[in-house]
Amino acid sequence: MKISVVIPAYNESMSIEAVVNSVKEIGDVVVVDDGSSDLTGDIARRVGAIIVSHKNNLGYDMSIQSGLRKAIEIGSEFVITFDADGQHDPSILNEIVRIVQEKDVDLVLGIRNDAARLSEEIFNWYTRIVYGVPDILCGLKGYKIDIVKKNQLHLKNSIGTGLAIEGIKAGSTFVTIPVRIFQRNDLDQSRMGHKIKANTRIFKAFLLRIYIDIHTLISSKI
């Protein structure tokens, strides 16, 4: 099975080399340099990553979408999204590959011990009840390429949740797996931005999800 690891990255020159080196034994590593003003892309390329470059900063969803398109282009059969900031434990990737090969599931969804923000807790509460997914906002997710091809347009403004949710709605099988999260360097700022900005973005994605789900429900009854 040809596997790719897609890593969206914005100004992550402090961590990107270690992150790429920690995951490249799994398969091809696609780093999406989302308009960084530092050397993120150059460093990732030097240590063996395939680089997709955005001239301007387009945000997390567009970065994931660009990375997934590149994964399709290079013939990947399974794609794992992975954070560039060093918070994800790379040892979990071998377990994800084992699950996919032994259980033949469509989706593998990472589950953190705790949500980082109130907005995440609310969003996760909703997806736990409606879809059985307790942490839809964890950035560590694995997808069979067919799900990506069919649903990648649903990534827009979803903070990385739309693709998985649409796959589940369409009947894709999934498993969840605990993910250990390391703390960021205190000098670094989360890619989600400051607290108020991050909560606002997540609440907007949450309201969009409710709108889509209600619209789907109404349409199915007409």
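This is a predicted model: local features need pLDDT of at least 70, side-chain atom pairs count only at pLDDT 80 or more; totals for chains, interfaces and linings use all residues.

1. Helix 3 is mostly covered, with 10 of its 14 residues buried. The residues concerned are Y60, D61, S63, I64, Q65, S66, G67, L68, K70 and A71.

2. The length of helix 3 can be checked directly. Helix 3 runs over residues 60-73, and at 1.5 Å a residue its 14 residues should span 20 Å; the C-alpha atoms at its ends are 20 Å apart, so expectation and model agree. Just after helix 3, G75 adopts a positive phi of about 85°.

3. V6 belongs to strand 1, which covers residues 3-9. With a relative accessible area of 0%, V6 falls under the 20% cut-off and therefore counts as buried. Once neighbours within four places in sequence are set aside, V6 is in contact with V30, I64, G67, L68, A71, V79, I80, T81 and F82. V6 and S66 are separated by 60 residues in sequence, yet their C-alpha atoms are 9.2 Å apart in space.

4. V47 is placed in the loop that joins helix 2 (40-46) to strand 3 (50-54). Its relative accessibility is 11%, under the 20% limit, so V47 counts as buried. Not counting residues up to four places away in sequence, V47 touches E17, V20, N21 and K24. Between V47 and I212 there are 165 residues in sequence and 41 Å in space, taken C-alpha to C-alpha.

5. How are two packed helices described? The description consists of the angle between their axes and the distance between the axes. Helix 5 (residues 118-131) and helix 8 (residues 195-221) pack at an angle of about 20°, and their axes are 8 Å apart. Angles under 35 degrees count as roughly parallel, and helix 5 and helix 8 are therefore roughly parallel to each other. The crossing of helix 5 past helix 8 is left-handed. On the side of helix 5, the contact is made by L118, S119, E120, I122, F123, Y126 and Y131; on the side of helix 8, by A198, N199, I202, F203, A205, F206, R209, I210 and D213. Sorted by class, this contact of helix 5 with helix 8 comprises 11 nonpolar, 2 polar and 3 charged residues.

6. Helix 7 also packs with helix 8, at an angle of about 20° and with the axes 12 Å apart. Helix 7 and helix 8 are therefore roughly parallel to each other, the angle being under 35 degrees. Here the crossing is right-handed. The contact involves G162, I165, E166 and K169 of helix 7 together with R209, I212, D213 and T216 of helix 8. By class, the contact of helix 7 with helix 8 has 2 nonpolar, 2 polar and 4 charged residues.

7. Helix 8 itself deserves a separate remark. At 1.5 Å a residue its 27 residues should span 39 Å, and its end C-alpha atoms are 39 Å apart, which agrees. The buried residues of helix 8 are A198, N199, I202, A205, F206, R209 and D213, and they pack against helix 5 and helix 7. R209 and D213 take part in the contact with helix 5, and R209 and D213 are also named in the contact with helix 7.

8. S172 sits in the loop between helix 7 (162-169) and strand 7 (174-178). At a relative accessible area of 16%, under the 20% cut-off, S172 counts as buried. Leaving aside neighbours within four places in sequence, the contacts of S172 are D106, L107, I147 and G167.

9. D104 has a positive phi of about 55° although it is not a glycine. D104 is in the loop between helix 4 (92-103) and strand 5 (107-111), and at 51% relative accessibility, over the 50% limit, D104 counts as exposed. I159 likewise has a positive phi, near 50°. I159 lies in the loop between helix 6 (145-151) and helix 7. Is I159 buried or exposed? With a relative accessible area of 8%, I159 is buried.

Methods:
Residues are numbered from 1 along each chain as its sequence is written. Side-chain values use heavy atoms; hydrogens and water are left out. Helices (H or I, at least four residues) and strands (E, at least two) are DSSP runs, numbered from the N terminus. The expected span of a helix is 1.5 Å times one less than its number of residues. Buried means under 20% relative accessible area, exposed over 50%, partly exposed in between (1.4 Å probe, protein chains only). Axes are lines fitted to C-alpha atoms, for helices over the stretch in contact, and angles run from 0 to 180 degrees between N-to-C directions. Angles under 35 degrees count as roughly parallel, over 145 as roughly antiparallel, 65 to 115 as roughly perpendicular and the rest as oblique. A crossing is left-handed if the near helix is turned anticlockwise from the far one by less than a right angle, and right-handed if clockwise. Contact means heavy atoms within 4.5 Å. Ala, Val, Leu, Ile, Met, Phe, Trp, Tyr, Cys and Pro count as nonpolar, Asp, Glu, Lys and Arg as charged, and the others, Gly among them, as polar.
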